[in-house]
Amino acid sequence: MTLLTGADGRTRCAWPGEILDYVAYHDDEWGVPVRGEQELFERLTLEAFQSGLSWLTILRKRPAFRAAFAGFDPEAVAGFTAADRDRLLADTGIVRNRAKVDAAIRNAGAVLALRAHGGLDALVWSHAPVSHRPPHPGEPLAATTPASVALAKALKAHGFVFVGPTTAYAAMQACGLVDDHVVGCFRSGPTT
């Protein structure tokens, strides 16, 4: 990971470059703690849809995803019918991948079932590392960690699909369970 000083004079992680959508996501969302069933369900779903694609593609389609998936209300999505599935697979505003659409619907049901076991919020946040050292310039960024492996296993044990360790780690970064802003980025937290 490296740093880049943008046209705005801020030094930040280099991965957003000068792409405004990425810069706004980096500055305002990535690494900010996310709590709440619906919010976490959205992030997990979007990370699963991102698998094999550019995050920028998903980021730019996020409004269409929110509309297509009822604002990521897990009760609504869990109740999607075959007609809803066909609607999603025909929706050019989202990524039309049958396995990912089916996973989102199935995972919504898993979110509902998790309510009897403390809920999605409790499960996800129970896997936040006690300590995490943000990367220094020049260090590679991890794709998985022991915590993301454990989170993926826990989600799968509760019926989730399409949530491997890499997807789980991307969600952990996006939801602020870990701070992977490069040391020196204006968003990087204290180093430990």
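Predicted model: local features only at pLDDT ≥ 70, side-chain atom pairs only at ≥ 80, totals over all residues.
A search of the whole structure turns up 1 cavity of 30 Å³ or more, and the volume of the largest cavity comes to about 40 Å³. Its lining is made up of Tyr25, Glu29, Arg43, Glu47, Trp55, Arg62 and Ala174. Sorted by class, that lining has 3 nonpolar and 4 charged residues, with no polar ones.

Next, a helix pair. Helix α8 (residues 146-157) packs against helix α9 (residues 165-174) at an angle of about 110°, and their axes lie 8 Å apart. That puts the angle in the 65 to 115 degree range, so α8 and α9 count as roughly perpendicular to each other. On the α8 side the contact uses Ala147, Ser148, Val149, Leu151 and Ala152, while α9 brings Pro165, Ala168, Tyr169 and Met172.

Here is how the two residue sets compare by class:

| Residue set | Nonpolar | Polar | Charged |
|---|---|---|---|
| Contact of α8 with α9 | 8 residues | 1 residue | no residues |

Last stop, Arg85. Arg85 sits in helix α5 (residues 82-90). Leaving aside residues up to four places away in sequence, Arg85 touches Arg98, Val101, Asp102 and Ile105. Take Val101 from that list: Arg85 and Val101 are 16 residues apart in sequence, and their C-alpha atoms are 7.2 Å apart in space.

Terms used:
Residues numbered from 1 in each chain as written. Heavy atoms only, no water. 1 Å grid on protein atoms, 1.4 Å probe; cavity = no way out; pocket = protein on both sides within 12 Å on 5 of 7 lines; lining within 4 Å. Points joined across faces, edges and corners; volume = space filled by probe spheres on them. Nonpolar A, V, L, I, M, F, W, Y, C, P; charged D, E, K, R; others polar. Axes fitted to C-alpha atoms, helices over the stretch in contact; angles between N-to-C directions. Helix = DSSP H or I, 4+ residues; strand = E, 2+ residues; numbered from the N terminus. Parallel < 35°, antiparallel > 145°, perpendicular 65-115°, else oblique. Contact = heavy atoms within 4.5 Å.
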